[in-house]
Amino acid sequence: MSTTKLIHSLPIDPLTGSISVPIHQTSTFVQDAPGVHKGFDYARSNNPTRKVLEDTIALLEEGDAGFAFATGLAAIDAVLKQLEYGDEIVAVEDIYGGAFRLFTHIYQKFGIKIHYVDTTNADNILEVINEKTKFIWIETPTNPTLKVSDIVKIAVIAKAFNALLVVDNTFASPLSQKPLLLGADIVIHSATKYIGGHSDLVAGLVITKTKALSEKIKFIQNASGGILGPWDCWLVIRGLETITLRFERISYNAQKVAEWLLENDIVAEVFYPGLQSHHNHDVAKKQQKGQYGGVISFSLKQDTEEAALQIVTNTKYFKLAESLGGCKSLICLPSQMTHKSIPREKRLQSGIKDSLIRISCGIEEVEDLIEDLKQAIHKVNSINLVTA
Ligand SMILES: *Cc1c(COP(=O)(O)O)cnc(C)c1O
């Protein structure tokens, strides 16, 4: 969608002409007669500020309807609540850690069975899918090793088995990848990342393809109540106004940084879907419209935590923090931060080496980002010289 269409889809307030969407900070709405109102009765069920956000994300993902939740995990939770005892899920094996925790420690207890498979090869799904499978659940690209799965191929399998395809689209953003147009049924975003875009809130979104699914999620949103409040809705709307500019710049920066890392002597592997060398670059190119986002992971030839620590603690612009998708660049060490709770053995299996560093490029000038990494990498080199 064009930026023009996106920003002009945000309504001008009909009462006052306010060009910015009003924040409707209210719990209830006065009715003309019992049950006769202007479309709003109670703020858990609906709120005019939230409605603007929900309509805008539905437009951007080209779905039937959008729903805003307090966090990305609350959005995931709402989608899961459609399941019944005995239902099964086939999920991408390196799923977001918070989703893994929710699946394993909460939903498994309610009789939901989860099969984790490497979905980068869609055929692996066929090994475990069966008549009880209600969802195929993927993230593409994944965190932190940026594995890419073929949405079109997996959607065909989902249809054949009467299962729904759920895509967590957080890492691609709605700009580069529109899963609903590729055959998915439900899209999820942690709006905490690219959509909010300023590292200043947590929020989640669900977008549905059909009216029937929209009605189900609407019911759950109201029944469970994990909604996003009007102030945060307003911040996410403001994020959406500039997402095209930010995502373009972030993707441009990351592509340059990834290419630079690939040429660096101390770097062993670079994971970025925009690189020719990426395992599923062809699929990424097809479904991500040439914009691959800001997250890059790389490991070091000297595969030790000490070497990686030298880098992550010596950057100036890349701030040491979890999360991604904001204006400021971030750097983290998954084995000691985001993925610390996963046993080392299992981490290594999924490609998270001790020296694996994840960066999230922001909107700074790319020359500054490269210079910053260069001086931090130099610190590792000088240590090597001392110990040699
Ligand atoms: C961050 C993230 C989530 C969880 O979102 P929160 O807003 O932190 O609850 C879910 N999926 C992916 C891929 C994420 O990166």
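View 1. Thr192 uses its side chain instead, where an N or O atom is 2.6 Å from a ligand oxygen. On its own the ligand has 380 Å² of accessible area, and the protein covers 92% of that (Shrake-Rupley method, 1.4 Å probe; for residues, only the protein chains shown count as cover). Please keep in mind that this is a predicted model, in which local features need pLDDT of at least 70 and side-chain atom pairs count only at pLDDT 80 or more, while totals for chains, interfaces and linings use all residues. Residues are numbered from 1 along each chain as its sequence is written, and side-chain values use heavy atoms, leaving out hydrogens and water.

**View 2. The shell around the ligand has 13 residues.** Gly72, Asp168, Ser190, Thr192 and Lys193 are the closest. Helix α3 (residues 72-80) gives the largest share, three residues; helices (H or I, at least four residues) and strands (E, at least two) are DSSP runs, numbered from the N terminus.

**View 3. Ser355 lies in the loop between α13 (344-349) and β12 (357-360).** Ser355 is buried at a relative accessible area of 0%, where buried means under 20%, exposed over 50% and partly exposed in between (1.4 Å probe, protein chains only). Its side chain comes to 3.0 Å from the backbone nitrogen of Leu300. Leaving aside residues up to four places away in sequence, Ser355 touches Phe298, Ser299, Leu300, Gln302, Asp303, Thr304 and Ala308, with contact meaning heavy atoms within 4.5 Å.

**View 4. Cys233 and Cys327 are in no disulfide.** Counting pairs of cysteine sulfur atoms within 2.5 Å, the model has zero disulfides. For Cys233, the nearest cysteine sulfur belongs to Cys327, 20 Å away. Cys233 is buried, at 0% relative accessible area. For Cys327, the nearest is that of Cys361, at 13 Å. Cys327 also counts as buried, at 19% relative accessibility.

Terms used:
Near = heavy atom within 4 Å. Polar contact = N/O pair within 3.5 Å; in protein donor to acceptor, adjacent residues only side chain to side chain.
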